[in-house]
Amino acid sequence: MMTFAVRRITVSAAIAAVCLSVLSGCKDAPGGAGAPAPASSAAPAASATPVAGAFEPEQALAEAEKTPYAASVKAVSEAAGQELSTMTGRSNLGMLFTGRAEVRSSGMWIESVTTTDANYIRNRTKEGSGWVKAPRSPDNDANYAGYAKLLLATGPSAKKGMETRNGVPTYHLAGHLNLDQVASVDPRTHRSMKSKGVTGFDIDQWIDAQGRTVRFEQRMDMRGMQAVNKVDFSEFGPVETFAAPER
């Protein structure tokens, strides 16, 4: 599930003028404002041919709520056609968010680790910079399954059908959500976007048969600037342990 600009610093978040809650569970970057995370422009296009292994998104999302998992995440944020930042990392999803991430943009390199009880941030831009410990935010998670359910609740038009992404059968959902709808599944993004005057955004989301988000795209107008967040999830696996870094 999202924000733009310097949003979270831990998987599930990206830093730079336009980021999405996308990567759930990232702390706002030092000196930055929360934002959504856009994604890699090199993402493979979905197939236009019939897809084997068809499934209904409602059933897949019901399955997603039963089994937490870990995933690798890549998010790229863009504004006015220019790339602002790239975030890469790995995190646990479908449960209390924990994970690690790196956010890079022009002149900036930030690392973060989120554990069950704290968030650790290191500014790699400054030589010799150590880890700084900070409390976890009470709303540190983005609920991507919740975003998919919000899209389905907008009506039949949200169901775009089966498509293949990276050789995997996925269901494509799309639609427009207003900011008030987002508050229930992603309070951090709601708060961040509201402060920037955003009233809503368009979403495209692809989920697999297990209800896991494979790709999430978010587009919005932010104070007259077109912002795009695209996030890719891959290498799904069992839940992992993310420990505090050695300080």
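The legends below describe close-up views of a predicted model.

**View 1. Lining of the largest pocket.** The largest pocket has a volume of about 310 Å³. It is lined by 19 residues, and those closest to its centre are Leu93, Gly94, Asn143, Tyr144 and Ala145. Two elements, β2 (82-93) and α2 (144-153), each give two or more residues to this lining. Helix α2 gives the most, with four residues. By type, the lining residues of the pocket are nine nonpolar, seven polar and three charged.

**View 2. Nonpolar patch on the surface.** Met95, Leu96 and Val239 together make up a nonpolar surface patch with about 230 Å² of accessible area. Leu96 sits in the loop between β2 and β3 (98-105). Its relative accessible area is 40%, so Leu96 is partly exposed.

**View 3. Salt bridge between Lys159 and Glu56.** The closest N and O atoms of this salt bridge are 3.2 Å apart. Lys159 belongs to strand β7 (residues 159-165) and Glu56 to the segment before α1 (57-64), so the pair links distant parts of the chain, 103 residues apart. Lys159 is partly exposed at 30% relative accessibility, and Glu56 is partly exposed at 41%.

**View 4. Salt bridge between Asp204 and Arg219.** The side chains of Asp204 and Arg219 meet at 2.3 Å, N to O. Asp204 is buried, at 12% relative accessibility, whereas Arg219 is partly exposed, at 27%. Salt bridges with shared partners join Asp204, Arg215, Glu217, Arg219 and Asp232 into one network.

How values were computed. Residues are numbered from 1 along each chain as its sequence is written. This is a predicted model: local features need pLDDT of at least 70, side-chain atom pairs count only at pLDDT 80 or more; totals for chains, interfaces and linings use all residues. Side-chain values use heavy atoms; hydrogens and water are left out. On a 1 Å grid over the protein atoms alone, a cavity is a set of points where a 1.4 Å probe fits but cannot get out, and a pocket is an open set with protein on both sides within 12 Å along at least five of seven lines; lining residues have an atom within 4 Å of a point. Grid points are joined across faces, edges and corners, and a volume is the space filled by probe spheres set on the points. Ala, Val, Leu, Ile, Met, Phe, Trp, Tyr, Cys and Pro count as nonpolar, Asp, Glu, Lys and Arg as charged, and the others, Gly among them, as polar. Patches are made of residues with over 30% relative accessible area and no salt bridge: like charges are joined within 9 Å, nonpolar side chains (Val, Leu, Ile, Met, Phe, Trp, Tyr) within 5 Å. Accessible areas come from the Shrake-Rupley method with a 1.4 Å probe; for residues, only the protein chains shown count as cover. A salt bridge is a side-chain nitrogen of Lys or Arg within 4 Å of a carboxyl oxygen of Asp or Glu. Buried means under 20% relative accessible area, exposed over 50%, partly exposed in between (1.4 Å probe, protein chains only).
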